[in-house]
Amino acid sequence: ERGLAPLAAGLSFEVGACMLSAIGVGYHNVAHKAAVRAGEVVLVTGASGGVGLAALQTVKLLGAHPWAVTSSPQKASRLEAMGAEAVFVDAGDGFHREVRRRRPAGVDAVIDCVGSTTLGSAIKSTRRYGRVVAVGSIDPAPLALDVGRLVVNAIDLLASDNVTPAALAEAMGLVRDGQLTVVVDRILPLSGAAEAHRL
């Protein structure tokens with residue numbers, strides 16, 4: 001029962017199905033964990049996923065500048081339509097170089113929705129005294145962490161705590177009021193769960 005929350009009035013069950021994991025997590029980690037402030041530049045990795053899209057929208061909602069990282073060039077235009085001011089395609093060779101070319105001092109914060117394959121570049125993309133929030137763990141491979149870079153640049157490396165009940169209620173209110181959009185690709189019956197995972 002700790003995982004249950006009342007669905008805000010006016011929200012459909014289809015929207016409700018996206019609230020906890022996608023919208024709530026993306027919103028909470030931008031607004032509360034990273035404590036993003038207006039005017040900051042915030043990079044979101046895995047930006048085309050459910051959590052990433054929610055994070056991207058939240059960055060914009062807070063008056064900050066959303067930048068996005070995706071593994072697919074085909075997703076760039078969609079991310080721009082969702083508010084990304086810059087989109088970087090991660091070819092697996094370190095997107096931080098392009099980020100630093102665009103902003104030599106580095107970004108203020110990174111919301112990393114992928115994990116070990118992007119966290120190193122996320123840290124290298126971050127300015128001194130910036131913040132990196134590790135949200136995703138898609139690839140469970142171990143990561144060699146450059147502790148020296150964290151220490152020398154006083155970067156805060158934070159781990160996601162998913163979403164709190166208070167943040168989930170806030171996120172539902174923002175969706176209900178039209179300030180955050182739930183992006184649903186398609187709706188499948190429960191019998192199509194395996195197909196949903198494949199997709």
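In what order do the six strands of the open sheet stand?

1. The order is β3-β2-β1-β4-β5-β6, and the pairing is parallel, where two strands pair if DSSP finds at least two bridges between them. This is a predicted model, in which local features need pLDDT of at least 70 and side-chain atom pairs count only at pLDDT 80 or more, while totals for chains, interfaces and linings use all residues. Residues are numbered from 1 along each chain as its sequence is written, and side-chain values use heavy atoms, leaving out hydrogens and water.

2. Strands (E, at least two residues) and helices (H or I, at least four) are DSSP runs, numbered from the N terminus. The edge strands, each pairing on one side only, are β3 (86-89) and β6 (156-159).

3. Strand β1 (residues 41-45) runs parallel to strand β4 (residues 107-112), and four bridges join them; threonine 45 has aspartate 112 in β4 as its bridge partner. Helix α2 packs on the sheet and touches β1, β2 (65-70) and β4, contact meaning heavy atoms within 4.5 Å.

4. Glutamine 57 lies in helix α2 (residues 50-61), and it counts as buried because its relative accessibility is 10%, buried meaning under 20% relative accessible area, exposed over 50% and partly exposed in between, with a 1.4 Å probe and protein chains only. Apart from neighbours within four places in sequence, glutamine 57 is in contact with Met82, Leu180 and Thr181.

How values were computed:
Axes fitted to C-alpha atoms, helices over the stretch in contact; angles between N-to-C directions.
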